[in-house]
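Subject: The ligand-bound model

Hi,

Here's the structure I promised to send over. Have a look at it first, and my notes on the ligand site follow below.

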Amino acid sequence: MSIAYYNGDYLPLDQVRISPLDRGFLFGDSVYEVIPSYSGEFFLLSEHLERLARSLAAIRIRNPFDREGWRALLTDLLARNADPATPDLGVYLQVTRGVAPRDHAFPVDAQPTVLAMVSPIRPLPETIRVDGVAAVTAEDRRWGHCDIKATTLLANVLNRQDATERGAVEAVLLRDGQLTEGAASNVIVVLDGRVITPPLDASVLPGVTRSRVLDLARELGYPVEERGVSADELARAGEIWLTSSTREILPVTRLDDRTVGTGRPGPVWQAVHAAYQAAKPGAPVSEPLQSGGAA
Ligand code: PDD
């Protein structure tokens with residue numbers, strides 16, 4: 001059983017008991033982060049802690065720790081879960097507004113609840129590297145503050161379930177005919193040699209992976225554009241990628257009933273994926289950066 005952190009204690013995950021009066025449970029009144037670690041080292045931790053601070057401020061929950069406090073807590077949690085069988089772990093952490101008698105308005109004196117737990121991150125399976133994944137499009141019916149990493153994820157859950165039932169790994173969301181993001185990922189397309197993704201506004205989460213992937217694409221010399229992507233452009237894209245901290249960069253080779261590009265992960269994905277792998281802690285130093293290459 002993995003070890004979790006819960007309100008000051010480290011204990012086996014199955015011994016954590018959440019109060020029925022916790023506002024995270026009752027209202028989804030909470031925010032979260034998912035932070036990857038490789039070979040016992042966090043990847044892009046500062047960026048995740050910065051976004052956590054922004055999400056907490058946006059919904060007016062007091063940040064229970066400063067940057068160093070979070071670092072110490074999370075590093076301790078990783079050490080307690082060290083296991084050579086699962087060297088790469090994602091830490092899920094959630095902060096709720098705390099426990100109080102049920103009332104929609106904020107309680108006056110509740111203490112934030114803090115939960116952190118781990119789960120393994122598995123390397124990209126060979127089948128996905130060769131064949132890519134399927135995704136489906138869906139209407140984005142989420143609320144107006146998708147830039148906050150809130151746990152109120154019912155619309156995302158229903159979209160992901162719909163995708164699963166249609167044999168796909170993700171729902172790619174469109175609002176008013178414009179791409180927003182995936183149910184639990186950002187979406188980046190390659191169109192006419194350009195790497196394009198919707199700009200950061202209230203309709204997308206500022207993904208930590210998105211940002212790193214765009215930097216890597218720029219470093220590799222690809223033109224990068226942060227601008228609106230229409231449903232028509234999505235349908236014409238030669239490559240479509242899904243980015244997230246746990247799934248890294250997934251190449252989409254089928255969207256709804258159509259083949260994307262050649263039906264194989266494309267050359268730009270190959271190059272950016274290789275660069276991302278090389279940037280992770282514990283990556284072999286000699287791993288060559290592929291640029292271009294066969295689809
Ligand atoms: N989700 N957009 C949404 C709606 C997400 O839920 C996520 C990540 C992302 C990608 O963000 P990042 O690159 O910072 O992980 C974009 C996490 C992994 C989850 O809910 O499990």
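A quick word on terms: when I say polar contact, I mean a pair of N or O atoms within 3.5 Å. Keep in mind that this is a predicted model.

With that cut-off, a polar side-chain atom of Lys 149 makes the list, lying 3.2 Å from a nitrogen atom of the ligand. Tyr 32 is there too: an N or O atom in its side chain is 2.6 Å from an oxygen atom of the ligand. As for cover, the ligand on its own has 480 Å² of accessible area, and the protein covers 89% of that.

Where does the ligand sit? In the largest pocket. There are 21 residues around the ligand, and the ones that come nearest are Tyr 32, Arg 51, Glu 181, Thr 209 and Ser 245. By type, the shell splits into 11 polar, six nonpolar and four charged residues.

Both domain 1 (3-120) and domain 2 (126-279) give at least three residues each to that shell. If you're colouring by secondary structure, look at strands S3 (30-38), S9 (178-182) and S13 (239-244), plus helices H2 (45-58) and H6 (208-219): each supplies at least two shell residues.

Cheers

Notes. Residues are numbered from 1 along each chain as its sequence is written. This is a predicted model: local features need pLDDT of at least 70, side-chain atom pairs count only at pLDDT 80 or more; totals for chains, interfaces and linings use all residues. Side-chain values use heavy atoms; hydrogens and water are left out. A residue is near a molecule or strand if one of its heavy atoms lies within 4 Å of it. A polar contact is a pair of N or O atoms within 3.5 Å; within protein, one must be able to donate a hydrogen and the other to accept it, and residues adjacent in sequence count only if both atoms are side-chain atoms. Accessible areas come from the Shrake-Rupley method with a 1.4 Å probe; for residues, only the protein chains shown count as cover. On a 1 Å grid over the protein atoms alone, a cavity is a set of points where a 1.4 Å probe fits but cannot get out, and a pocket is an open set with protein on both sides within 12 Å along at least five of seven lines; lining residues have an atom within 4 Å of a point. A molecule sits in a cavity or pocket if more than half of its atoms lie within 2 Å of its grid points. Helices (H or I, at least four residues) and strands (E, at least two) are DSSP runs, numbered from the N terminus. Ala, Val, Leu, Ile, Met, Phe, Trp, Tyr, Cys and Pro count as nonpolar, Asp, Glu, Lys and Arg as charged, and the others, Gly among them, as polar. Domain bounds come from an automatic or database domain assignment.
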